[in-house]
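Work through the exercises below with the structure open beside you. Each task is followed by a solution in steps.

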Amino acid sequence: MNAQAPGRDVERRPRVVIVGGGFAGANVSHALQKKYTLFDITLVSEESYSTFNPMLAEVVGATVFPEHVVAPLRETTRRAQFVMGTVGKIDFARKVLCCDTLKGEVEIAYDELVLAYGNRARVDLIPGMAEHAVVLKTVGDAMHIRNLVLRRLALIELETDPALRKCLGHFVVVGGGFSGVEVAGAIADSLREIRRYYPRVGADELKITILQNGDRLLPELPDCLGEAAKKSLQKRGVDVFTQMSAKSVSARSVQLGDGRTLDSCTTICTIGTMPNALTARLAGIPVERGRIVTQADLSVAGVDGVWAIGDCALVRNADGAFAPPTAQFAVAEAKHLARNLIARARGQAARPFAHTSRGMMATVGHLKGVAQIFGIRLAGLPAWMLWRAYYLSQMPTFGRKVRIFVEWTWGMFFPPDITHFRFTRSHELLRSDQAGTMPTNSN
Ligand SMILES: Cc1cc2nc3c(=O)[nH]c(=O)nc-3n(C[C@H](O)[C@H](O)[C@H](O)COP(=O)(O)OP(=O)(O)OC[C@H]3O[C@@H](n4cnc5c(N)ncnc54)[C@H](O)[C@@H]3O)c2cc1C
(Lines give C-alpha, C1' and ligand atoms only; values in the text may rest on other atoms or scores of the structure.)
Protein backbone atom coordinates (compact mmCIF):
# COMPACT_ATOMS: atom_id res chain seq x y z
CA MET A 1 0.00 0.00 0.00
CA ASN A 2 1.35 3.43 -0.85
CA ALA A 3 1.66 6.24 1.67
CA GLN A 4 -1.46 8.38 1.94
CA ALA A 5 -1.27 12.17 1.86
CA PRO A 6 -1.60 13.56 5.40
CA GLY A 7 -4.51 15.88 6.13
CA ARG A 8 -3.08 19.41 5.83
CA ASP A 9 -3.97 22.97 6.39
CA VAL A 10 -4.74 24.14 2.82
CA GLU A 11 -2.99 27.49 3.37
CA ARG A 12 0.32 25.98 4.40
CA ARG A 13 2.82 24.38 2.04
CA PRO A 14 3.82 20.87 3.09
CA ARG A 15 7.07 20.79 5.05
CA VAL A 16 9.47 18.33 3.46
CA VAL A 17 12.40 17.43 5.69
CA ILE A 18 15.29 15.50 4.16
CA VAL A 19 17.76 13.70 6.45
CA GLY A 20 21.19 13.28 4.84
CA GLY A 21 22.99 15.44 2.29
CA GLY A 22 24.68 12.69 0.26
CA PHE A 23 23.92 11.61 -3.31
CA ALA A 24 20.32 10.75 -2.42
CA GLY A 25 19.40 13.63 -0.09
CA ALA A 26 21.14 16.39 -2.07
CA ASN A 27 19.49 15.27 -5.30
CA VAL A 28 15.98 15.09 -3.89
CA SER A 29 16.48 18.54 -2.38
CA HIS A 30 17.77 19.89 -5.71
CA ALA A 31 14.82 18.46 -7.66
CA LEU A 32 12.20 19.71 -5.17
CA GLN A 33 13.65 23.23 -5.17
CA LYS A 34 12.73 23.51 -8.85
CA LYS A 35 9.11 23.42 -7.59
CA TYR A 36 9.82 25.52 -4.52
CA THR A 37 6.39 27.14 -4.52
CA LEU A 38 4.89 23.76 -3.63
CA PHE A 39 6.98 22.98 -0.53
CA ASP A 40 8.86 24.26 2.50
CA ILE A 41 12.08 22.28 2.22
CA THR A 42 14.59 21.61 4.98
CA LEU A 43 17.74 19.58 4.46
CA VAL A 44 19.44 18.28 7.60
CA SER A 45 22.89 16.75 7.33
CA GLU A 46 25.70 16.15 9.77
CA GLU A 47 28.31 17.71 7.47
CA SER A 48 27.92 20.95 5.53
CA TYR A 49 28.83 19.26 2.24
CA SER A 50 28.03 16.30 -0.01
CA THR A 51 30.91 13.92 -0.62
CA PHE A 52 31.54 12.42 -4.06
CA ASN A 53 32.63 9.08 -2.58
CA PRO A 54 33.72 7.55 -5.89
CA MET A 55 36.48 10.19 -6.03
CA LEU A 56 37.91 9.53 -2.56
CA ALA A 57 40.59 7.24 -4.00
CA GLU A 58 41.93 10.22 -5.95
CA VAL A 59 42.28 12.15 -2.70
CA VAL A 60 44.27 9.20 -1.32
CA GLY A 61 46.49 9.32 -4.41
CA ALA A 62 46.80 13.13 -4.01
CA THR A 63 45.74 13.70 -7.64
CA VAL A 64 42.85 15.88 -6.47
CA PHE A 65 42.50 18.08 -3.41
CA PRO A 66 39.91 17.11 -0.78
CA GLU A 67 37.83 20.20 -1.55
CA HIS A 68 37.45 18.94 -5.15
CA VAL A 69 35.40 15.92 -4.08
CA VAL A 70 32.89 17.77 -1.94
CA ALA A 71 30.09 20.19 -2.74
CA PRO A 72 28.91 22.67 -0.09
CA LEU A 73 25.22 22.02 0.61
CA ARG A 74 24.46 25.70 1.21
CA GLU A 75 25.37 26.41 -2.43
CA THR A 76 22.59 24.04 -3.49
CA THR A 77 19.91 24.92 -0.95
CA ARG A 78 19.18 28.50 -1.96
CA ARG A 79 15.43 27.80 -1.96
CA ALA A 80 15.51 25.53 1.07
CA GLN A 81 16.71 25.71 4.64
CA PHE A 82 19.92 23.88 5.45
CA VAL A 83 20.56 22.70 9.00
CA MET A 84 23.91 21.20 9.90
CA GLY A 85 23.11 18.61 12.53
CA THR A 86 22.78 14.95 13.37
CA VAL A 87 19.31 13.47 13.61
CA GLY A 88 19.18 11.23 16.68
CA LYS A 89 15.48 10.53 17.17
CA ILE A 90 12.28 10.69 15.15
CA ASP A 91 8.82 10.80 16.69
CA PHE A 92 6.63 9.44 13.89
CA ALA A 93 3.42 10.00 15.87
CA ARG A 94 4.12 13.74 16.39
CA LYS A 95 5.91 14.03 13.02
CA VAL A 96 8.91 15.66 14.62
CA LEU A 97 12.59 14.85 14.49
CA CYS A 98 15.26 15.69 17.08
CA CYS A 99 18.46 17.01 15.75
CA ASP A 100 21.75 17.76 17.52
CA THR A 101 23.07 21.06 16.11
CA LEU A 102 25.72 23.67 16.95
CA LYS A 103 23.05 25.25 19.15
CA GLY A 104 22.20 21.98 20.93
CA GLU A 105 19.10 19.87 20.38
CA VAL A 106 16.41 21.30 18.09
CA GLU A 107 13.09 19.83 17.00
CA ILE A 108 12.01 20.00 13.36
CA ALA A 109 8.44 19.24 12.31
CA TYR A 110 7.63 17.61 8.98
CA ASP A 111 4.71 16.61 6.79
CA GLU A 112 6.88 14.52 4.48
CA LEU A 113 10.11 13.00 5.76
CA VAL A 114 12.81 11.70 3.44
CA LEU A 115 15.32 9.34 5.08
CA ALA A 116 18.54 9.42 3.05
CA TYR A 117 21.25 9.11 5.67
CA GLY A 118 23.35 6.37 4.01
CA ASN A 119 25.31 3.76 5.92
CA ARG A 120 28.63 3.53 7.79
CA ALA A 121 31.87 1.69 7.13
CA ARG A 122 32.28 -1.45 9.19
CA VAL A 123 35.57 -1.30 11.06
CA ASP A 124 35.57 -4.68 12.84
CA LEU A 125 35.03 -7.23 10.08
CA ILE A 126 38.41 -8.94 10.57
CA PRO A 127 40.21 -9.47 13.89
CA GLY A 128 42.65 -6.62 14.43
CA MET A 129 41.02 -4.43 11.78
CA ALA A 130 39.63 -1.85 14.21
CA GLU A 131 43.02 -1.30 15.87
CA HIS A 132 45.42 -1.69 12.95
CA ALA A 133 43.67 -1.05 9.65
CA VAL A 134 42.25 2.08 8.08
CA VAL A 135 38.94 2.27 6.22
CA LEU A 136 37.87 4.50 3.36
CA LYS A 137 34.42 6.04 3.61
CA THR A 138 34.74 9.75 4.37
CA VAL A 139 36.90 12.65 3.16
CA GLY A 140 38.56 12.51 6.60
CA ASP A 141 39.47 8.84 5.97
CA ALA A 142 40.89 9.71 2.55
CA MET A 143 43.00 12.58 3.92
CA HIS A 144 44.20 10.36 6.76
CA ILE A 145 45.30 7.59 4.35
CA ARG A 146 47.01 10.14 2.10
CA ASN A 147 48.97 11.46 5.08
CA LEU A 148 49.70 7.92 6.24
CA VAL A 149 51.32 7.12 2.89
CA LEU A 150 53.47 10.28 3.11
CA ARG A 151 54.36 9.48 6.72
CA ARG A 152 55.43 5.94 5.76
CA LEU A 153 57.78 7.31 3.07
CA ALA A 154 59.27 9.82 5.50
CA LEU A 155 59.79 7.02 8.03
CA ILE A 156 61.50 4.72 5.53
CA GLU A 157 63.98 7.50 4.80
CA LEU A 158 65.00 7.49 8.47
CA GLU A 159 64.82 3.73 9.16
CA THR A 160 67.98 1.59 9.05
CA ASP A 161 66.49 -1.90 9.55
CA PRO A 162 65.96 -3.29 6.00
CA ALA A 163 63.10 -5.61 7.06
CA LEU A 164 61.22 -2.77 8.74
CA ARG A 165 61.83 -0.50 5.73
CA LYS A 166 60.09 -3.07 3.51
CA CYS A 167 57.28 -3.52 6.01
CA LEU A 168 56.74 0.26 6.07
CA GLY A 169 56.71 0.37 2.27
CA HIS A 170 54.16 -2.42 1.84
CA PHE A 171 50.54 -1.29 1.48
CA VAL A 172 47.91 -4.03 1.60
CA VAL A 173 44.44 -3.23 0.25
CA VAL A 174 41.71 -5.61 1.41
CA GLY A 175 38.88 -5.87 -1.14
CA GLY A 176 38.95 -6.00 -4.93
CA GLY A 177 35.67 -4.17 -5.58
CA PHE A 178 35.42 -0.59 -6.88
CA SER A 179 36.99 1.11 -3.86
CA GLY A 180 39.79 -1.44 -3.47
CA VAL A 181 40.83 -1.30 -7.13
CA GLU A 182 40.61 2.50 -7.17
CA VAL A 183 42.68 2.91 -4.00
CA ALA A 184 45.34 0.39 -5.05
CA GLY A 185 45.67 2.11 -8.44
CA ALA A 186 45.79 5.58 -6.90
CA ILE A 187 48.49 4.64 -4.38
CA ALA A 188 50.55 2.84 -7.07
CA ASP A 189 50.58 5.93 -9.29
CA SER A 190 51.14 8.27 -6.41
CA LEU A 191 54.15 6.30 -5.10
CA ARG A 192 55.71 6.20 -8.54
CA GLU A 193 55.33 9.97 -8.96
CA ILE A 194 56.35 11.12 -5.50
CA ARG A 195 59.28 8.77 -4.90
CA ARG A 196 61.54 11.34 -6.59
CA TYR A 197 61.11 13.54 -3.49
CA TYR A 198 62.28 10.72 -1.19
CA PRO A 199 65.73 9.89 -2.59
CA ARG A 200 66.59 7.44 0.21
CA VAL A 201 63.62 5.21 -0.60
CA GLY A 202 64.31 2.50 -3.20
CA ALA A 203 61.69 1.47 -5.75
CA ASP A 204 62.12 -2.15 -4.55
CA GLU A 205 61.16 -1.06 -1.02
CA LEU A 206 57.64 -0.06 -2.07
CA LYS A 207 54.91 -2.57 -2.80
CA ILE A 208 51.13 -2.75 -3.03
CA THR A 209 49.11 -5.93 -2.63
CA ILE A 210 45.40 -6.22 -3.23
CA LEU A 211 43.44 -9.10 -1.68
CA GLN A 212 40.18 -10.20 -3.25
CA ASN A 213 38.29 -13.17 -1.85
CA GLY A 214 36.36 -13.73 -5.12
CA ASP A 215 37.89 -15.16 -8.26
CA ARG A 216 38.34 -11.78 -9.98
CA LEU A 217 38.50 -8.06 -9.45
CA LEU A 218 35.43 -5.84 -9.96
CA PRO A 219 32.85 -8.66 -9.89
CA GLU A 220 30.07 -6.14 -10.73
CA LEU A 221 31.60 -5.61 -14.21
CA PRO A 222 31.99 -8.10 -17.07
CA ASP A 223 34.93 -10.56 -16.86
CA CYS A 224 36.99 -8.76 -19.51
CA LEU A 225 36.91 -5.44 -17.60
CA GLY A 226 37.88 -7.15 -14.32
CA GLU A 227 40.75 -8.72 -16.25
CA ALA A 228 41.70 -5.34 -17.80
CA ALA A 229 41.78 -3.77 -14.33
CA LYS A 230 43.97 -6.62 -13.05
CA LYS A 231 46.43 -6.28 -15.94
CA SER A 232 46.58 -2.51 -15.54
CA LEU A 233 47.37 -2.86 -11.83
CA GLN A 234 49.92 -5.62 -12.36
CA LYS A 235 51.65 -3.56 -15.04
CA ARG A 236 52.25 -0.94 -12.37
CA GLY A 237 53.70 -3.47 -9.94
CA VAL A 238 50.60 -4.21 -7.84
CA ASP A 239 50.38 -7.82 -6.60
CA VAL A 240 46.83 -9.04 -7.15
CA PHE A 241 45.75 -12.03 -5.01
CA THR A 242 42.35 -13.44 -5.97
CA GLN A 243 40.51 -16.18 -4.02
CA MET A 244 42.36 -14.82 -1.02
CA SER A 245 40.94 -13.40 2.18
CA ALA A 246 42.59 -11.58 5.07
CA LYS A 247 42.14 -13.56 8.29
CA SER A 248 43.57 -11.01 10.73
CA VAL A 249 45.49 -7.76 10.82
CA SER A 250 48.22 -6.67 13.22
CA ALA A 251 50.43 -3.58 13.43
CA ARG A 252 53.06 -5.20 11.22
CA SER A 253 51.33 -7.97 9.27
CA VAL A 254 48.27 -9.36 7.52
CA GLN A 255 47.49 -13.03 8.07
CA LEU A 256 46.11 -14.63 4.90
CA GLY A 257 43.43 -17.31 4.58
CA ASP A 258 45.98 -19.83 3.26
CA GLY A 259 48.20 -19.46 6.33
CA ARG A 260 50.78 -17.13 4.79
CA THR A 261 51.68 -13.79 6.35
CA LEU A 262 52.32 -10.52 4.55
CA ASP A 263 54.64 -8.13 6.37
CA SER A 264 52.96 -4.76 6.12
CA CYS A 265 52.56 -1.76 8.41
CA THR A 266 49.58 -0.39 6.45
CA THR A 267 46.33 -2.22 5.76
CA ILE A 268 43.52 -0.40 4.02
CA CYS A 269 40.12 -2.09 4.27
CA THR A 270 37.58 -1.28 1.59
CA ILE A 271 35.11 -4.04 2.47
CA GLY A 272 32.07 -4.04 4.67
CA THR A 273 29.40 -1.55 5.56
CA MET A 274 27.03 -1.44 8.48
CA PRO A 275 23.72 0.31 9.12
CA ASN A 276 23.72 3.83 10.49
CA ALA A 277 22.85 3.60 14.23
CA LEU A 278 19.81 5.81 13.58
CA THR A 279 18.03 2.90 11.84
CA ALA A 280 18.04 0.83 15.06
CA ARG A 281 16.49 3.78 16.94
CA LEU A 282 13.54 4.13 14.56
CA ALA A 283 10.84 2.10 16.29
CA GLY A 284 7.97 0.80 14.20
CA ILE A 285 9.48 0.87 10.74
CA PRO A 286 10.23 -2.23 8.66
CA VAL A 287 13.97 -3.02 8.56
CA GLU A 288 15.64 -5.89 6.72
CA ARG A 289 19.40 -6.47 6.32
CA GLY A 290 19.90 -3.28 8.33
CA ARG A 291 18.10 -1.19 5.68
CA ILE A 292 14.67 0.46 5.75
CA VAL A 293 12.28 -1.53 3.57
CA THR A 294 10.39 0.67 1.16
CA GLN A 295 7.21 0.09 -0.81
CA ALA A 296 7.20 0.30 -4.59
CA ASP A 297 6.77 4.10 -4.54
CA LEU A 298 9.66 4.52 -2.01
CA SER A 299 7.33 5.22 0.91
CA VAL A 300 7.76 3.33 4.20
CA ALA A 301 4.84 1.15 5.30
CA GLY A 302 3.16 1.82 8.65
CA VAL A 303 4.38 5.43 9.11
CA ASP A 304 2.60 8.31 7.47
CA GLY A 305 4.57 10.60 5.15
CA VAL A 306 7.90 8.78 5.50
CA TRP A 307 10.08 7.83 2.53
CA ALA A 308 13.51 6.21 2.29
CA ILE A 309 16.11 6.26 -0.48
CA GLY A 310 19.82 5.62 -1.05
CA ASP A 311 22.08 3.30 0.90
CA CYS A 312 19.93 3.34 4.07
CA ALA A 313 16.93 1.97 2.13
CA LEU A 314 16.10 -1.47 0.78
CA VAL A 315 14.40 -0.58 -2.47
CA ARG A 316 12.99 -3.16 -4.85
CA ASN A 317 13.43 -2.19 -8.48
CA ALA A 318 10.74 -2.83 -11.12
CA ASP A 319 12.62 -5.98 -12.25
CA GLY A 320 12.12 -7.48 -8.76
CA ALA A 321 15.79 -7.20 -7.73
CA PHE A 322 16.93 -5.01 -4.85
CA ALA A 323 18.54 -1.76 -5.99
CA PRO A 324 22.31 -1.91 -5.30
CA PRO A 325 23.82 0.59 -2.85
CA THR A 326 25.47 2.75 -5.51
CA ALA A 327 25.56 6.45 -6.29
CA GLN A 328 23.75 5.85 -9.58
CA PHE A 329 20.77 4.22 -7.87
CA ALA A 330 20.78 6.77 -5.04
CA VAL A 331 20.44 9.58 -7.62
CA ALA A 332 17.76 7.70 -9.62
CA GLU A 333 15.74 7.05 -6.45
CA ALA A 334 16.09 10.71 -5.42
CA LYS A 335 14.77 11.97 -8.75
CA HIS A 336 11.91 9.49 -8.68
CA LEU A 337 10.97 10.41 -5.12
CA ALA A 338 10.95 14.11 -6.00
CA ARG A 339 8.48 13.35 -8.82
CA ASN A 340 6.31 11.37 -6.37
CA LEU A 341 6.32 14.15 -3.79
CA ILE A 342 5.37 16.69 -6.44
CA ALA A 343 2.59 14.39 -7.65
CA ARG A 344 1.26 14.03 -4.08
CA ALA A 345 1.37 17.79 -3.52
CA ARG A 346 -0.82 18.11 -6.62
CA GLY A 347 -3.19 15.40 -5.40
CA GLN A 348 -1.95 12.82 -7.90
CA ALA A 349 -0.84 9.26 -7.21
CA ALA A 350 2.77 8.30 -6.49
CA ARG A 351 4.35 5.88 -8.97
CA PRO A 352 6.48 2.78 -8.42
CA PHE A 353 10.26 3.14 -8.74
CA ALA A 354 11.89 1.71 -11.87
CA HIS A 355 15.43 2.29 -13.07
CA THR A 356 17.55 0.56 -15.67
CA SER A 357 21.24 0.70 -14.87
CA ARG A 358 23.21 2.70 -17.42
CA GLY A 359 26.39 0.84 -16.56
CA MET A 360 29.31 1.15 -14.19
CA MET A 361 32.72 2.78 -14.19
CA ALA A 362 35.86 2.60 -12.08
CA THR A 363 39.29 4.21 -12.18
CA VAL A 364 42.35 2.02 -11.96
CA GLY A 365 44.76 4.84 -11.20
CA HIS A 366 45.53 8.18 -12.79
CA LEU A 367 44.35 8.40 -16.46
CA LYS A 368 43.20 4.76 -16.43
CA GLY A 369 39.75 3.33 -15.99
CA VAL A 370 37.27 0.65 -16.99
CA ALA A 371 33.64 1.22 -17.88
CA GLN A 372 30.57 -0.44 -19.27
CA ILE A 373 28.06 2.16 -20.41
CA PHE A 374 24.87 1.22 -22.25
CA GLY A 375 26.51 -2.13 -23.04
CA ILE A 376 29.67 -0.52 -24.50
CA ARG A 377 32.90 -1.62 -22.81
CA LEU A 378 35.78 0.82 -22.45
CA ALA A 379 39.19 0.54 -20.81
CA GLY A 380 42.10 2.94 -20.31
CA LEU A 381 42.04 6.71 -20.90
CA PRO A 382 38.55 6.94 -22.55
CA ALA A 383 36.96 5.20 -19.54
CA TRP A 384 38.84 7.46 -17.13
CA MET A 385 37.81 10.62 -19.04
CA LEU A 386 34.19 9.49 -19.12
CA TRP A 387 34.32 8.83 -15.40
CA ARG A 388 35.71 12.30 -14.62
CA ALA A 389 33.29 13.99 -17.04
CA TYR A 390 30.38 12.31 -15.28
CA TYR A 391 31.41 13.43 -11.80
CA LEU A 392 32.24 16.91 -13.06
CA SER A 393 28.73 17.11 -14.52
CA GLN A 394 27.34 16.21 -11.08
CA MET A 395 29.18 19.08 -9.34
CA PRO A 396 26.84 21.90 -8.43
CA THR A 397 27.17 25.42 -9.91
CA PHE A 398 28.95 26.42 -13.10
CA GLY A 399 31.68 28.34 -11.27
CA ARG A 400 32.65 25.30 -9.24
CA LYS A 401 32.68 23.09 -12.34
CA VAL A 402 35.07 25.50 -14.13
CA ARG A 403 37.38 25.80 -11.13
CA ILE A 404 37.58 22.05 -10.66
CA PHE A 405 38.05 21.44 -14.40
CA VAL A 406 41.02 23.86 -14.47
CA GLU A 407 42.57 22.29 -11.39
CA TRP A 408 42.03 18.73 -12.65
CA THR A 409 43.63 19.66 -15.98
CA TRP A 410 46.61 21.13 -14.12
CA GLY A 411 46.92 17.88 -12.15
CA MET A 412 47.08 15.82 -15.36
CA PHE A 413 50.42 17.40 -16.31
CA PHE A 414 52.12 17.93 -12.97
CA PRO A 415 53.08 15.53 -10.15
CA PRO A 416 50.81 15.11 -7.13
CA ASP A 417 51.13 17.47 -4.20
CA ILE A 418 53.17 15.94 -1.39
CA THR A 419 52.34 18.50 1.28
CA HIS A 420 51.79 16.63 4.51
CA PHE A 421 49.16 18.80 6.19
CA ARG A 422 49.08 18.04 9.88
CA PHE A 423 46.76 20.85 11.02
CA THR A 424 49.06 21.60 13.94
CA ARG A 425 47.62 24.34 16.11
CA SER A 426 49.59 26.95 18.06
CA HIS A 427 48.86 25.48 21.49
CA GLU A 428 50.18 22.10 20.26
CA LEU A 429 53.33 23.80 18.98
CA LEU A 430 53.84 25.53 22.34
CA ARG A 431 53.44 22.20 24.16
CA SER A 432 55.93 20.48 21.86
CA ASP A 433 58.38 23.43 22.14
CA GLN A 434 58.39 22.96 25.90
CA ALA A 435 58.85 19.18 25.68
CA GLY A 436 61.39 19.45 22.86
CA THR A 437 59.40 16.91 20.84
CA MET A 438 57.58 16.86 17.53
CA PRO A 439 54.03 18.17 17.64
CA THR A 440 51.69 15.18 17.72
CA ASN A 441 48.25 14.83 16.29
CA SER A 442 46.54 11.97 14.50
CA ASN A 443 47.69 13.20 11.10
C1 LIG B 1 35.16 4.85 -1.21
C2 LIG B 1 33.84 4.69 -1.92
C3 LIG B 1 33.81 4.57 -3.30
C4 LIG B 1 32.59 4.42 -3.97
N5 LIG B 1 32.60 4.31 -5.33
C6 LIG B 1 31.43 4.25 -6.01
C7 LIG B 1 31.40 4.22 -7.42
O8 LIG B 1 32.45 4.23 -8.09
N9 LIG B 1 30.19 4.19 -8.05
C10 LIG B 1 29.00 4.18 -7.35
O11 LIG B 1 27.92 4.18 -7.95
N12 LIG B 1 28.99 4.19 -6.01
C13 LIG B 1 30.17 4.22 -5.32
N14 LIG B 1 30.16 4.26 -3.95
C15 LIG B 1 28.88 4.14 -3.23
C16 LIG B 1 28.16 5.49 -3.20
O17 LIG B 1 29.04 6.49 -2.71
C18 LIG B 1 26.94 5.36 -2.31
O19 LIG B 1 26.11 4.38 -2.84
C20 LIG B 1 26.19 6.70 -2.26
O21 LIG B 1 27.01 7.66 -1.64
C22 LIG B 1 24.88 6.54 -1.48
O23 LIG B 1 24.28 7.78 -1.34
P24 LIG B 1 23.44 8.15 -0.02
O25 LIG B 1 22.97 9.54 -0.22
O26 LIG B 1 22.45 7.09 0.24
O27 LIG B 1 24.48 8.06 1.16
P28 LIG B 1 25.74 9.03 1.46
O29 LIG B 1 26.30 9.56 0.18
O30 LIG B 1 26.60 8.21 2.34
O31 LIG B 1 25.09 10.22 2.25
C32 LIG B 1 24.52 10.09 3.52
C33 LIG B 1 24.51 11.46 4.15
O34 LIG B 1 23.78 11.42 5.36
C35 LIG B 1 24.48 12.11 6.38
N36 LIG B 1 24.05 11.53 7.67
C37 LIG B 1 24.32 10.31 8.16
N38 LIG B 1 23.71 10.13 9.33
C39 LIG B 1 23.05 11.28 9.60
C40 LIG B 1 22.23 11.70 10.68
N41 LIG B 1 21.96 10.90 11.73
N42 LIG B 1 21.73 12.95 10.65
C43 LIG B 1 21.99 13.77 9.61
N44 LIG B 1 22.74 13.41 8.55
C45 LIG B 1 23.26 12.17 8.54
C46 LIG B 1 25.93 11.86 6.02
O47 LIG B 1 26.79 12.81 6.60
C48 LIG B 1 25.89 11.96 4.51
O49 LIG B 1 25.98 13.30 4.09
C50 LIG B 1 31.37 4.39 -3.24
C51 LIG B 1 31.41 4.52 -1.84
C52 LIG B 1 32.61 4.66 -1.19
C53 LIG B 1 32.63 4.80 0.32
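A crossing of two helices is called right-handed if the near helix is turned clockwise from the far one by less than a right angle, and left-handed if anticlockwise. The model used here is predicted.

**Exercise 1.** Describe how helix 10 and helix 11 are placed relative to each other.

Solution.
1. Helix 10 covers residues 381-394 and helix 11 covers residues 398-413; their axes come within 10 Å and cross at roughly 155°.
2. Angles over 145 degrees count as roughly antiparallel, and therefore helix 10 and helix 11 are roughly antiparallel to each other.
3. The crossing of helix 10 past helix 11 is right-handed.
4. Helix 10 makes the contact through Trp384, Arg388, Leu392 and Ser393, and helix 11 through Lys401, Ile404, Phe405, Trp408 and Met412.
5. Sorted by class, this contact of helix 10 with helix 11 has six nonpolar, one polar and two charged residues.

**Exercise 2.** Which parts of the chain does the salt bridge between Arg15 and Asp111 tie together?

Solution.
1. The side chains of Arg15 and Asp111 form a salt bridge with an N to O distance of 3.5 Å.
2. Arg15 belongs to strand 1 and Asp111 to the loop between strand 7 and strand 8, so the pair joins parts 96 residues apart in sequence.
3. Arg15 is partly exposed, at 29% relative accessible area, whereas Asp111 is buried, at 6%.

**Exercise 3.** How far apart along helix 6 are Arg192 and Asp189?

Solution.
1. In the salt bridge of Arg192 with Asp189, the closest N and O atoms are 3.6 Å apart.
2. Arg192 and Asp189 are three residues apart in helix 6, so about one helical turn separates them.
3. Asp189, Arg192, Arg236 and Lys368 are linked in a salt-bridge network.

Note on methods. Residues are numbered from 1 along each chain as its sequence is written. This is a predicted model: local features need pLDDT of at least 70, side-chain atom pairs count only at pLDDT 80 or more; totals for chains, interfaces and linings use all residues. Side-chain values use heavy atoms; hydrogens and water are left out. Axes are lines fitted to C-alpha atoms, for helices over the stretch in contact, and angles run from 0 to 180 degrees between N-to-C directions. Helices (H or I, at least four residues) and strands (E, at least two) are DSSP runs, numbered from the N terminus. Angles under 35 degrees count as roughly parallel, over 145 as roughly antiparallel, 65 to 115 as roughly perpendicular and the rest as oblique. Contact means heavy atoms within 4.5 Å. Ala, Val, Leu, Ile, Met, Phe, Trp, Tyr, Cys and Pro count as nonpolar, Asp, Glu, Lys and Arg as charged, and the others, Gly among them, as polar. A salt bridge is a side-chain nitrogen of Lys or Arg within 4 Å of a carboxyl oxygen of Asp or Glu. Buried means under 20% relative accessible area, exposed over 50%, partly exposed in between (1.4 Å probe, protein chains only).
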